[in-house]
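Open the model in your viewer and colour it by chain. Let's walk through the place where the chains meet, one selection at a time.

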There are 2 protein chains.
Amino acid sequence: MQQTEWIRSLRAVRQFSDREIPSEVLRDILDTGRWTGSSKNTQPWDLVVVRNRDTLRALSKCGAFAGHIAGAALGIALVMHGDDAWTCMDEGRLMQNLMLAAWAHGVGTCIGSIYPADNEQRARDLLGIPKNRYLRTVLSVGYPTGPEALRLPPNAPVPRGRRPLEDVVNWDRLGNRNP
Amino acid sequence: MQQTEWIRSLRAVRQFSDREIPSEVLRDILDTGRWTGSSKNTQPWDLVVVRNRDTLRALSKCGAFAGHIAGAALGIALVMHGDDAWTCMDEGRLMQNLMLAAWAHGVGTCIGSIYPADNEQRARDLLGIPKNRYLRTVLSVGYPTGPEALRLPPNAPVPRGRRPLEDVVNWDRLGNRNP
């Protein structure tokens with residue numbers, strides 16, 4: 001498969017098997033996160049690998065769409081050093097690298113968003129995160145149960161697929177559709 | 001090369017050759033951006049491909065570290081539909097996918113940050129971006145001049161490399177360094 005085709009093949013996975021993630025696979029995923037580029041190379045992040053099942057269950061209740069964390073082999077909490085636009089962009093780059101690195105090993109991931117503020121506080125307490133750090137994202141990580149876990153469930157409350165390329169791309173000025 | 005090793009090999013490139021980017025390569029890069037996952041699959045973005053040299057030069061003056069845009073084969077402006085944390089995270093994911101997709105074709109990229117507000121307004125005017133859209137990032141895109149373009153210049157005002165894995169990763173609680 002061509003490299004870009006492989007990147008486009010990334011899917012969110014919400015149903016995880018019991019299969020454990022080998023420590024060398026986990027290390028490789030974390031290391032690819034570590035190497036993510038960031039604004040002025042500030043690397044404004046720490047990662048918390050969560051394996052404790054009670055903690056995963058509690059985290060799964062810290063966001064309206066975070067239920068998948070309860071059944072993940074493990075979670076990776078993205079502890080960020082700021083809440084400004086630039087740090088959030090760095091967080092997005094970090095997510096994408098972690099998700100692709102897992103995908104390279106056949107491991108599925110799904111972003112669990114931690115919100116609103118009272119849920120964030122509960123999640124902070126669970127993971128020992130101080131006031132000068134931010135927790136918006138816990139990534140669920142695990143082997144998919146099977147091929148059905150790679151498809152969006154029929155009742156998913158989100159649009160399917162993507163907008164057409166011609167709708168997304170403009171040339172030299174926004175609104176100019178002619179290359 | 002192993003897939004994750006390839007992801008880790010991504011470097012920012014600031015010196016670009018005159019070589020043009022074939023339209024099928026550009027299309028593949030844009031398509032990989034288009035397929036980026038986003039919060040609730042909202043795809044809160046439009047892309048503006050900038051080829052006009054005067055516009056590229058003007059954009060290169062819209063950020064303290066955006067000078068590299070002037071010499072890029074083209075720019076890709078990330079026009080975002082919001083400025084909240086979740087949209088900025090989606091922007092980061094989009095950046096990372098575009099940068100990796102270019103890298104897969106041997107094409108270099110560098111993030112040009114558009115700031116502060118008066119610079120953003122000038123860049124908005126250049127690209128015809130209305131008030132309900134946000135422009136924080138123009139990606140420089142082009143073939144590297146050579147191997148030297150893949151190395152950080154000796155006088156770069158940023159730290160080199162990355163923090164050690166043991167410093168980044170915590171286990172079950174922040175501060176717990178024992179797996």
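Begin by selecting the contact: 56 residues of chain A and 56 residues of chain B take part, where contact means that the C-beta atoms of two residues, placed from the backbone, lie within 7 Å. This is a predicted model, in which local features need pLDDT of at least 70, side-chain atom pairs count only at pLDDT 80 or more, and totals for chains, interfaces and linings use all residues. Residues are numbered from 1 along each chain as its sequence is written, and chains are lettered from A and ligands numbered from 1 in the order in which they are written.

Now keep the side of chain B that touches chain A. At least two residues each come from α1 (3-8), α2 (23-34), β1 (45-50), α4 (85-104), α6 (165-168) and β5 (169-171) of chain B; helices (H or I, at least four residues) and strands (E, at least two) are DSSP runs, numbered from the N terminus. Highlight α4(B) next: its 13 residues are the largest share of that side.

Then select β1 (residues 45-50) of chain A together with β5(B). These strands run parallel and are joined by 3 bridges; strands pair if DSSP finds at least two bridges between them. Zoom in on Val49(A), whose bridge partner in β5(B) is Trp171(B).
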